[in-house]
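Please look over the sequence and the model shown below before reading on.

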Amino acid sequence: MLDTTYGYEAAMRLSALLSGFSLLALWEWATPRRKLTNNKFKRWLNNVVLMVVGAVFVRIIVPGTVIGVAYITAENQWGFANHIDLPSWIKGLITFILLDMAIYVQHVMFHVIPLLWRFHRVHHSDMDCDVSTGLRFHPVEILISVLIKSALIIGLGAPVAVVIVFEVVLNLMSMFTHSNIRLHLGLERMVRWLFVTPEMHRIHHSIQENETNSNFSFNISLWDRIFGTYKAEPQAGQLAMTIGLDQFREPRWQGFKGLITMPFVTGVKGYAINYRDTKNADELAGVKRLVKEQTRYLKQAKEVAEHKNRELNDVVERLTENKAYQSMIIENMVDGFITSDQRGVVKSFNSAAEKIFGYKAAEVIGKNVAILMPEADAVKHDAYIAQYVETGDPHVIGIGREVEGRRKDGSHFPADIALSDSFAGDKRIITAVVRDVSERVHGRQQLKLQKEQLSIILDNTNDAYLMLDWNWIVTYVNRISGSLLDIKPEEVIGHDLRDTLPDVTSMFYKMLRATFTTYRAQETTALYGPTMKYLVARACPTQEGLVVYFRDITMHKKYEEDLRLAREAEFRNKEKIKLAAELTSYLRAIDQHALVSTTDPAGNITQVNDRFCKISGYRREELLGQNHRIINSGKHSRVFFSEMWKTISGGQIWHGEVCNLSKSGELYWVDSTIVPVINDTGEIERYISVRIDVTEKKRQTEEVNQAYQKLAEVNAQLRLLSRTDALTGIANRRQFDETLEAEISRLGREQSPLTLMLCDIDHFKQYNDSLGHQAGDICLQKVAEAIRSSFLRSSDLVARYGGEEFAVILPNVDKSIALIMAERMRKNIEKLKLGYKHETSIAASMVTMSVGVTTLVPDRDTSLYTIIKKADAALYAAKNDGRNKIHYLE
């Protein structure tokens, strides 16, 4: 087992590395967390080449790597794990955790020890942090790491499997923690408690030293919390913080040559954990002298500061005593300034206070400050002051707050007040600074009112309004959105729009992305949801994000269509009226080609032309005064003539084909147009009928229709033949594919089961070779008939899938019924008793059938090929199981 594991470990690790790198690279491309600052192709090329060179370098120096060390350790039973009596999985878990803690300690040491920091800076010098940064390590650092891990593996006695898993996890986590992917912040915070995340490790790559020297963990994040090196967030924030090292931001350090030579050509500085000066003794002595001088200067500065402080105290005392100076400051204040003693008696009242309260200072000084308060507050005021003096509980003293003041005229107003107390000798003075904030409160009330009004307006509009922040999170939804967009507002607010409106078409999302990108209003129209509503959507950018509204224009679209149809009908009516007006002038022109007659309002013939007489066989005098019933052939119903009379008596033109009877008894067909002539009073004074003899045309049309009918019958037969297997008479592969695809779509909508069976005649080739192709064809025909007779529903489809393979589609059939029907079919094949003999044949002497069955409820991911693939796999299993078997696959 060890030999096998050791033999394939390189392929396993390489496969995991390439798969993890590809997946994370695609993830970064789809949802990047930060915008990269450098050319991605050059960075990736340098980082990958550095990784390859490091791998080759380590393989040359240490051919067996850490897996080889683990293999040797296991063979020789070295290390404590090989000498303790615990289950293998517990020993494996312990060694894995100890290895991870050792990697944490090793990482810290690469920051602490100057020599190691020289090589580790190559990793930190990357000015962007993405999946390729997890590969960017100097070859010497990789070698040192391999040697350290080898020693740990020998000491711990780590099993080979644990070392392989640890190395794979370490490589994958190195790429993952450095990747530039966007994770859900709530999920990231939970995962971070146990495992290192990109958000956590990215702080370790900050240009700030206190952040660079934090978050050292690679896999398990608890080490940073246990050893006090954890930092939750960077000072500048995840998006604004700078990645890399100050010392290596020039382009020459970012190329492959700079990365390889970086540890050997630059001084060590900037590692905050263990900064030790490496200057010579003379320079160190100079530094000590400089520190001593700075200490003396600081002592002198302290003495000067103390002197200045005494002078400042003297100035403060003089200013306090200078009442005139105080008065000048107070009187020129914009805010009201009021002082009182501890009993609440007013001692001073500046001019700003006079303007605010409407009192003159003389009217207030000597009175209780409660006259400036509403009655409810005035009653409590003295008790507040007494409690403060007695207990020292400030309650309102020293606290700025918004209160209500009372003017001289009795009106109330909102005010900001700040209270403080001081002592003049042994007398307590309470000072109040008051500002009238009526305008601010009024503005706040107006803003609140406007928001309430806007909310009322939006809730009563017919359009759906949504507000999004810049992260697509819904912050507001009006009432109509629920019914228009088929959502629940309380379930949408606070969530990503893309997760809450899955039915919104891609066209809407394309518009929203364009608005976010261009910061310009966008508009589009598309169908929405299963009810196929026509919605017009418009997105407008704001400082907070986007305002999006949806308007239902389904009825508008319907009105447009109705208007279009009405206009077409109006146009046709105008054409008909125009025809009626011009008909009289055309009568003479068409007299030679048409049968023309005129009747009175009662329908009696008053005039006919010569062609009417010729075609009907009647003389003019035989027709005049007669009703048109004289030429009625009896081919048309009473309803036909009733509708005709209803139309023309209503003043409308009637047009249609009529079969008439001539005097000699012959039928003839005419294309007839009857136009009512209306006089100035709006009454019908006569009808003009123009008929075209279409007897020959009618005969030709009838012949053409008969030909078309025969052609349709032939086409139907051809369609049937194109969908039917010529040999067996059942459905062919084409009809099978069309039916299966249609059933997947239908049953996916209905969420009903669909069963597919693939059947194969066992050893049909031997049967065919033994008895001949003609016998083989007969065998196929009998098997097809036996399968078809096994399924009686009209919705079931039996098809020849190809060669000796058959397929059965069973809609609305679950697994249990499907297996019963499959067994019935298999037995029906056995009952055929189609036997054959062949000396070299390995087949049974009787024709049997292997059947693969699968059943599923289709969804949006189900395709024609997925269900066929499952059924084919089941058929393959049935054949492997000895043939003449039924195998089911979920």
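What follows is a short report on this predicted model, arranged by topic.

## The chain as a whole

The model is predicted rather than determined by experiment, and its protein chain contains 33 helices together with 20 strands. Of the 890 residues in the protein chain, 40% are buried, while the chain as a whole exposes about 50900 Å², of which carbon and sulfur atoms supply 57%. When contacts with a separation of 6 or more are considered, 58% of those in the protein chain are between residues 24 or more positions apart.

## Cysteines

The structure holds zero disulfides.

## A five-stranded sheet

Five strands, in the order β17-β18-β16-β19-β20, make up an open sheet whose pairing is mixed. Its edges are formed by β17, which covers residues 797-802, and by β20, which covers residues 886-889, each of them pairing on one side only. From one strand to the next, the twist averages 20°.

Within this sheet, strand β19 (residues 849-856) runs parallel to β20 and is joined to that strand by four bridges; G852 stands opposite H887, the latter lying in β20. Helix α29, spanning residues 733-750, packs on the sheet and touches β16 (754-761), β17 and β18 (805-811), with a direction that makes about 25° with that of β18. Helix α33, made up of residues 864-880, lies across β16, β17, β18, β19 and β20, and runs at about 145° to β19.

Is T599, a residue of strand β11, buried or exposed? With a relative accessible area of 6%, T599 is buried, because this value falls under the 20% limit for that class. The strand in which T599 is found, β11, covers residues 595-599.

Which residues does T599 contact once its neighbours within four places in sequence are left aside? The contacts of T599 are then with N604, I605 and T606, and also with H628, R686 and Y687. As for G625, which is 26 residues away from T599 along the chain, the C-alpha atoms of the two residues are separated by 8.7 Å.

Key: Residues numbered from 1 in each chain as written. Predicted model: local features only at pLDDT ≥ 70, side-chain atom pairs only at ≥ 80, totals over all residues. Heavy atoms only, no water. Helix = DSSP H or I, 4+ residues; strand = E, 2+ residues; numbered from the N terminus. Buried < 20%, exposed > 50% of the residue type's maximum accessible area, 1.4 Å probe, protein only. Contact = heavy atoms within 4.5 Å. Areas by Shrake-Rupley, 256 points an atom, 1.4 Å probe, with all protein chains shown as cover. Disulfide = S-S within 2.5 Å. Pairing = 2+ DSSP bridges. Axes fitted to C-alpha atoms, helices over the stretch in contact; angles between N-to-C directions.
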